[in-house]
Amino acid sequence: MMSPLTMRANPRTTGFFPRVSLLIAAIGLASACAGPPRPPPVKRVRALLSERLPPFAPDKLPEQKRRFREAAVYVDGKPIGVLKHSELPPTLPLRKLRLADGREVPRWRFSEYLTAAGVPLDRVRAAHFLGGRDRAAILAGDELRKQKDTLVFSFTRGYAGKPRVHWPPGIVINTSIDTIVAVTLYVDKEPPTYKSSDHSFSFADGKPIEGVPYALPEEALKGTRVYVDGALVSAMKRKTLPNSMLIADSDDAAPRFSLDAWLTSAGVDPAAAHATDLLSGEDVITRLGPKEWAAERKTLSFSLPRRSQGRILLHLPKDDAAVVAAGPAVTDPSLRVSAIMIYKNVTASKQPVAPLAELVAAEPPGSGKDQDDAATGGNGQGSGAARDVHNDDNE
């Protein structure tokens, strides 16, 4: 008969737990022989994001999510322009700021922008700077005037890109924002109340306001804008243009309209100006003096492609200076026009005309693509001189 001592010295090896112990020991021995464990393969962050994020389709966004495609400025609900470097008033002074690392970066005073745009600074009751996620920085009129020399704005890419505000130390505001989505100013009308808990504006009745306070939906600056000496005078609306504006050889299937007839209907006469710039984003497509306008006014035509949001597609004549300079590489000299800058009593912009061949190659004409900032990620990126800037994000 086996003694109890002998039984304890020879335990059973056929049960569940002993088998598990042997398996763990075997795995440990194999790992020790194979060297240190290798980390599992890790995908690149960009690849992981591309797998999880849906494709960006600006035309599929709800209207309330894409109503602020560009940083428009409103006074009592009336649009006065867009905060875009290429559309700044020509009389607005440039203020250079030297950073701690020695770089000089461009800045513009907001008070001087308002004065150049024709806004009575001494009568502004409030300025609301709207940012992302419906956040808003509320600035009283007296505080705006107090900080008239220190409240400045810039663009994310130096002389291009999205506008952003730089708050001076000690300024009295409810909160701060960086990138500007829109600016609403109040001179003659009562400023609405901002509720930070749900990021909504309301009047005395407490009902949340949809869109820009006091602004009519049809006044949104989506289409091609026209400025005279820096003042906004017109913008193309999504509506049917009269047949009287059609050019003589227009095709019914693809109607083309006279640029001269449209500008005349808006009360604008480029023939009386000493320069007219046609802009595509941040780039000058072509610059027309009085002689050039007189020679081309009857042949300059445009169309309105689908989903263009009122942005005209300009068809340059073959003898246009930009087309001649582009050479035979450009077979269809047509580009979207975001703005028309007419210089009548002020000095014209010194921005160089961008090579037409580069612009056409970057944005194929006639594609029907919505070429506003939302479709391009909001960078406002252009070719030519607009690329040769430094990025002062890390100041």
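1. The model under discussion is predicted. Its protein chain has 395 residues, and 44% of them are buried. The secondary structure consists of nine helices and 20 strands.

2. The accessible surface of the protein chain is about 21,800 Å², and carbon and sulfur atoms hold 56% of that area. Among contacts with a separation of 6 or more, 66% join residues 24 or more positions apart.

3. The second largest pocket has a volume of about 560 Å³. Two elements give two or more residues to its lining: strand S15 (275-280) and strand S20 (339-343).

4. In total, 26 residues line the second largest pocket. Those nearest its centre are His85, Pro90, Ser349, Lys350 and Gln351. Sorted by class, the lining comprises 16 nonpolar, six polar and four charged residues.

5. Where is Leu241 found? Leu241 belongs to the loop between strand S13 (231-235) and strand S14 (257-258).

6. Is Leu241 buried or exposed? Leu241 counts as buried because its relative accessibility is 8%, and the term applies to values under 20%.

7. Which residues does Leu241 touch, leaving aside those up to four places away in sequence? They are Met236, Phe257, Phe302 and Leu304. For one of these, Phe257, the separation from Leu241 is 16 residues in sequence and 8.2 Å in space, taken from C-alpha to C-alpha.

Methods
Residues are numbered from 1 along each chain as its sequence is written. This is a predicted model: local features need pLDDT of at least 70, side-chain atom pairs count only at pLDDT 80 or more; totals for chains, interfaces and linings use all residues. Side-chain values use heavy atoms; hydrogens and water are left out. On a 1 Å grid over the protein atoms alone, a cavity is a set of points where a 1.4 Å probe fits but cannot get out, and a pocket is an open set with protein on both sides within 12 Å along at least five of seven lines; lining residues have an atom within 4 Å of a point. Grid points are joined across faces, edges and corners, and a volume is the space filled by probe spheres set on the points. Helices (H or I, at least four residues) and strands (E, at least two) are DSSP runs, numbered from the N terminus. Ala, Val, Leu, Ile, Met, Phe, Trp, Tyr, Cys and Pro count as nonpolar, Asp, Glu, Lys and Arg as charged, and the others, Gly among them, as polar. Buried means under 20% relative accessible area, exposed over 50%, partly exposed in between (1.4 Å probe, protein chains only). Contact means heavy atoms within 4.5 Å. Accessible areas come from the Shrake-Rupley method with a 1.4 Å probe; for residues, only the protein chains shown count as cover.
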